[in-house]
Amino acid sequence: MHRVVALVRPGQSTFELACAAQVFGIERPELPARYAFGVCTEDPGPVATRAGYDMLVTDGLDALDRADTVVVPGWLPHMEPPSPAVARALRRAHSHGARLVSICSGAFALAHAGLLDGRAATTHWALTDELAARFPHVQVDPDVLYVDHGDVATSAGAGAGLDLCVHLVRSDQGARYAAHIARTMVMPPHREGGQLQYSAPPHPAQIDGTLAPLLEWITERLGEPVTVETLAAHVGVSTRTLARRFADQLGTSPGQWLLARRIATARDLLESSDLPLDAIARRVGLSSATNLRRRFLDALGTTPGAYRRAFRADSR
């Protein structure tokens, strides 16, 4: 029996905890029981949640010493480091051979404990920049749904916690066992792509500085053969000057920004319309369905068809 223990704290996110509990803690009569699930906290007793109720947690940090997998299901507020006792308990569990797993902001707790130094890791897309800035020895990957090193694993936002937990079951028990658990939760055994497909695309109104009018002008003409030379001519500067302004204000090149806008608009059309791929490609200036597929896959790690199936299904 593989023992999974979730470490919770006051202000606990109930969904992140439920991700681990649903995968590892639910008895399924049609499957042999392979996991025992428990919860612990630094100070046993009532633990407040962000859902407006308290939960009673009776096990303390010594439960981590008996765990085969330790899950940190979010860490809020993420700016607050774990206490020395919690950090020691996490490091001790890891040194004893436990697998350490974080969901969403839980990566900050592992990073504070030094367990992510020199490793690739991820967290929610809105927090990846801060994780990278605060922990320069961590190789933060802002796109992936999860990163698994075997002994340490991190996931992106809350929903990606389910992806990671099912992946861990697949690694532990095989694809068929994991697929059955996924079916009982009405979710795919494996989700395509990374988390960038779920992040909010930037809008020109959010951009500060003199490029804003140009960005609005571009957005209205995505279906036209707009080039970097066209953009430079429109604002009356050289392509080199335009590139410098884009780098200064947006941290990217004109061509990269234009492609990102085309992809963002294609995403919106895939979600909101039944237009065929060729029509969407022409409307966003990518010329053909083949080019759209290639650009979409490069940018988001999934295909337009898979993206449409996922989001159209969500909206019905």
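I count Lys and Arg as positive and Asp and Glu as negative, leaving out His and the chain ends. I place each charge at NZ of Lys, CZ of Arg, CG of Asp or CD of Glu. With that settled, I find 32 positive and 33 negative side chains in the protein, and the centres of the two sets lie 6 Å apart.

A note on what I am reading: this is a predicted model, where local features need pLDDT of at least 70 and side-chain atom pairs count only at pLDDT 80 or more, while totals for chains, interfaces and linings use all residues. Residues are numbered from 1 along each chain as its sequence is written, and side-chain values use heavy atoms, without hydrogens and water.

Next, I looked up burial. Of the 316 residues, 47% are buried (under 20% relative accessible area, with a 1.4 Å probe and protein chains only).

Then I turned to the rings. I pair rings of Phe, Tyr and Trp (its six-membered ring) if their centres lie within 6.5 Å; planes under 30 degrees apart are stacked, over 60 edge-to-face, and the rest tilted. That gives me four aromatic pairs. One of them is edge-to-face, because the rings of Phe108 and Phe135 have centres 6.4 Å apart and planes at 70°. Phe108 sits in helix α3 and Phe135 in the loop between α4 and β8, so this pair ties together parts 27 residues apart in sequence. I see that Phe108 is buried, at a relative accessible area of 0%, and that Phe135 is buried too, at 11%.

Phe246 and Trp257 also pair edge-to-face, with centres 6.5 Å apart and planes at 65°. Both residues are buried.

Notes
Buried < 20%, exposed > 50% of the residue type's maximum accessible area, 1.4 Å probe, protein only. Helix = DSSP H or I, 4+ residues; strand = E, 2+ residues; numbered from the N terminus.
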